[in-house]
Amino acid sequence: MANVQFDLVSPERRLASVEATEVQIPGADGDMTAMADHAPTIATLRPGVLKVLHSGGTDEYIVSGGFAEITATGVSVLAEQALPRAEMTQELFDEMLSEAKAAYVSAQEVFKNEPGPVDDAAKLLSDMVAIGGHIGLTANN
Amino acid sequence: MPSLKDLKNRIASVKSTRKITKAMQMVAAAKLRRAQEAAEASRPYTERFNAVMAGLASGAAGSAAAPKLLSGTGSDQTHLLVVMTAERGLCGGFNGNIAKLARAHAQKLLAQGKTVKIITVGKKGRDVIKRELGEHFIEHVDLSAVKRISYANAQSIAKDVLAKFDAGEFDIATIFFARFENVVSQHPTALQVIPAQFEEVEGAEAALYDYEPSEEAVLADLLPRGVATQIFAALLENAASEQGARMSAMDNATRNAGDMIDQLTIEYNRSRQAVITNELIEIISGAEAL
């Protein structure tokens, strides 16, 4: 089976560049899997877990927002923040979570009469909490 | 004519100055390497991002529904200048050049009757701008506590700028920074970030993509990120330029100190010799007089 060239870059570094058989992407509208000969797509990401299946096994990364460019032969994910799952610690997670919470609270204050941004912030927060569920960290406080 | 002791003291003091400038040069060289690595590490992201954005933007620019960040507010009355300089001096003409470019730009706009607002990043630029364009200065972003510039720094600046844009406080934003060419040359550059401008990519494979959730949503999501990305790239370039400029400035200073030591040493030896000759003359003429 044909492979796709997978690249994961964040503004600060290049995290991965491997031949993958399958990439599972947390798209804004729902998870999707990109394999070879996928239709060219650009999708925005929600905070979530990115899974890469390649000949050497499976790699998982935590990404927070950004977008993915999918072509027939490759997948490039440009994430705002990304890190390998192994580097995700409870402290980091708490920090991200409290950031999302703060954003939600401020959105509630600023956009009292506009549901749009408040819903977005609420979604972000619940996405963050969901990441915790996926990787076995608890969303306390 | 300075005495021998004076000369000796001068030589000692220039020597210690040379030691300091030499040390600063070496520190700058080490920091430069790190700054360059950081700039290089961010390059794949920036390049991919701009390529995608260029494709998207060329598709959306024509439509009336294009976001304001791309098409502008329709006016060019109020300009926001974000001037990025270093936190420290002793780096040759680095801060001065950026401030000069920003000042020239601001004065040109003012002459055209536009309104100018200025945000500074970096203490050195703030001092210059406040002195000369104080009434247009609105804000300062303090990065003096930041050792390594991270994307979060750029993000917070971008957030601030975008909030001002959404509030209708300006129409056009331009950032000023020094582009890093090599150790000896850094070019002060002005780059317009709002409305966004993208270089046309050769043979852009635009419009062939499917967009999820939709083209507009993707564009609306990416444009603010684009501002942050450009600011981040500019901050990194600036950091590398600063160290490069400091390195060459300190290299010059070290060389000048060396020249000065040579000169002073020659002068010292000459006057020492003159003193000896004088003494000999005195002894000989004294002996002859007997």
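This is a predicted model: local features need pLDDT of at least 70, side-chain atom pairs count only at pLDDT 80 or more; totals for chains, interfaces and linings use all residues.

**Exercise 1. The sheet of chain B**

*Solution.* Step one concerns the pairing itself.

Step three gives the strand order. The sheet of chain B is open and has 5 strands in the order 3-2-1-4-5, with mixed pairing. Strand 3 (137–141) and strand 5 (186–194) of chain B stand at the edges with a single partner strand each, so one side of each has no neighbour in the sheet. From one strand to the next, the twist averages 20 degrees.

**Exercise 2. Two helix pairs of chain B**

Describe the packing of helix 5 of chain B with helix 6 of chain B, then that of helix 3 of chain B with helix 4 of chain B.

*Solution.* Two packed helices are described by the angle between their axes and the distance between the axes. For helix 5 (residues 151–166) and helix 6 of chain B, the axes come within 8 Å and cross at roughly 130 degrees. Helix 5 of chain B is therefore oblique to helix 6 of chain B. The crossing of these two helices is right-handed. Helix 5 contributes residues including Tyr151(B), Ile157(B), Val161(B) and Leu162(B), and helix 6 contributes residues including Pro224(B), Val227(B), Ile231(B) and Phe232(B). By class, the contact of helix 5 with helix 6 has 12 nonpolar, 2 polar and no charged residues.

For helix 3 (residues 94–111) and helix 4 (residues 123–133) of chain B, the angle is about 35 degrees and the axes are 10 Å apart. Helix 3 and helix 4 of chain B also cross in a right-handed sense. Among the residues that meet are Ile98(B) and Arg103(B) in helix 3 and Val128(B) and Glu132(B) in helix 4. The contact of helix 3 with helix 4 comprises 7 nonpolar, 2 polar and 3 charged residues.

**Exercise 3. The contact of the two chains**

How many residues does each chain give to the contact, and which strands of the two chains pair?

*Solution.* Chain B gives 22 residues to the contact and chain A gives 20. On the chain B side, helix 1 (4–60), strand 6 (210–212) and helix 6 (215–289) each give two or more residues. The side of chain B that touches chain A divides into 14 nonpolar, 3 polar and 5 charged residues.

Strand pairing also links the chains: strand 4 (residues 41–44) of chain A pairs with strand 6 of chain B in the parallel sense, over 3 bridges. There, Ala43(A) is opposite Glu212(B). Glu212(B) is also joined to Pro213(B) by a cis peptide bond, with omega about 5 degrees. Pro213(B) is located in the loop between strand 6 and helix 6 of chain B.

**Exercise 4. The domains**

Where do the domain bounds of chain A fall, and which strands supply the side of domain 1 of chain A that touches domain 2 of chain A?

*Solution.* Chain A is assigned domain 1 (4–86) and domain 2 (88–135). Taken over C-alpha atoms, the centres of these domains are 22 Å apart. In the contact, 8 residues of domain 1 of chain A face 8 residues of domain 2 of chain A. Strand 5 (48–54) and strand 6 (57–70) of chain A each supply at least two residues of the domain 1 side. That side has 4 nonpolar, 2 polar and 2 charged residues.

For chain B, the assignment gives domain 1 (4–21 + 250–285) and domain 2 (31–246). Their centres, taken over C-alpha atoms, are separated by 50 Å.

Note on methods:
Residues are numbered from 1 along each chain as its sequence is written. Chains are lettered from A and ligands numbered from 1 in the order in which they are written. Domain bounds come from an automatic or database domain assignment. Two residues are in contact if their C-beta atoms, placed from the backbone, lie within 7 Å. Helices (H or I, at least four residues) and strands (E, at least two) are DSSP runs, numbered from the N terminus. Ala, Val, Leu, Ile, Met, Phe, Trp, Tyr, Cys and Pro count as nonpolar, Asp, Glu, Lys and Arg as charged, and the others, Gly among them, as polar. Two strands pair if DSSP finds at least two bridges between them. Axes are lines fitted to C-alpha atoms, for helices over the stretch in contact, and angles run from 0 to 180 degrees between N-to-C directions. Angles under 35 degrees count as roughly parallel, over 145 as roughly antiparallel, 65 to 115 as roughly perpendicular and the rest as oblique. A crossing is left-handed if the near helix is turned anticlockwise from the far one by less than a right angle, and right-handed if clockwise.
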